[in-house]
Amino acid sequence: MKVYTCDRFTFPLPEGHRFPARKYPLLRQAVEAAGLVSPEDLQVPEPATDEQILRAHDQDYLRRVVNGLLTPQEIRRIGLPWSPELVTRARYSVGGTIAACRAALLDGIAVNLAGGTHHASANQGQGYCLFNDSIIAARTMQAEAQPMRLCRRVLILDCDVHQGNGTAALARNDPSIFTFSIHNENNFPLHKEPSDLDVGLEDGTGDQAYLQALEDGVRQALALADAGLVLYLAGADPYEGDLLGRFAMTKEGLAQRDRFVLEQCRAAGLPVAVVLAGGYGRYVEDTVAIHLQTVRIACEIARGLAAA
């Protein structure tokens, strides 16, 4: 199974900033230490090109991002200070999702250790998201696979605790992409864009209620989407110890979530690109452990596919 990492591409943050940049090298090191994939299968992707990014974003927005012309208000909305390094990192993060989609179409499943930047819309970033990797990757796969008819409709299963408003807005008039989001209805973003299927849950939702809602929603999404590829946003932020989540899920519950989603996709014969999305644990080690168990479960599914 191919796993993509871009943690070498760092960017400056002010002292005490709450974006958990440390989790990315720690997660890659944990994947290496656990021996989940061979060294040759843990790869740095190619960065996303302008042509690929423009499949989701307006040309003027891309120009202003690349040249550092965002307004102070736009930068506050993104929540990260602009720098050339930030743009480079965003390109590689998107490139990791594109690469994971390509690998999934060949092998059945692949993982990007970053990605899940689902708040970015056509002409603005938001919530630590500069470019929308899911929409860019989905449309890139459709463009590449069209002659071979490998990838028809793409299903985005968004299980980050925050609603994928940017993804929903970008796909609103695109019948080739089906969007599903299960999230905290009272959490960020304040304004929710309607997905094709939304499941909004209340503060304090725990394992049992979440998993029941997830199972119903995922089954419905798979039935409606008629997809040829799935993008799965496996956010760690529904965890009870997450500073921005406000859910009460345990690590065991999140493992059940991942296993259910991936097994349902496998049963449907659908390739899956897994991206790890949000995670803002009080202790970064908890976030890394949750992401690591997602990668571990994906590896188990990959072994099952290889043995089939």
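**Reading burial and contacts**

Tutor: This is a predicted model, in which local features need pLDDT of at least 70, side-chain atom pairs count only at pLDDT 80 or more, and totals for chains, interfaces and linings use all residues. Residues are numbered from 1 along each chain as its sequence is written, and side-chain values use heavy atoms, with hydrogens and water left out.

Student: Which residues does Tyr-128 touch?

Tutor: Contact means heavy atoms within 4.5 Å. Not counting residues up to four places away in sequence, Tyr-128 touches His-17, Arg-18, Phe-19, Ile-78, Gly-79, Leu-80, Thr-117 and Tyr-280.

Student: Does Tyr-128 count as buried or exposed, and why?

Tutor: Buried means under 20% relative accessible area, exposed over 50%, and partly exposed in between (1.4 Å probe, protein chains only). Tyr-128 counts as buried because its relative accessibility is 15%.

Student: Which residues touch the most other members of the largest nonpolar core?

Tutor: In soluble globular proteins, nonpolar side chains tend to be buried together. A nonpolar core is a set of buried Ala, Val, Leu, Ile, Met, Phe, Trp, Tyr and Cys residues joined through side-chain atoms within 4.5 Å. Here, the largest has 57 residues, and Met-1 and Leu-157 touch the most other members. A second, separate core of 49 residues includes Cys-6, Ile-53, Leu-80 and Leu-130.

Student: What does Leu-157 touch?

Tutor: Among the contacts of Leu-157, beyond residues up to four places away in sequence, are Phe-180, Val-218, Tyr-232 and Cys-265.
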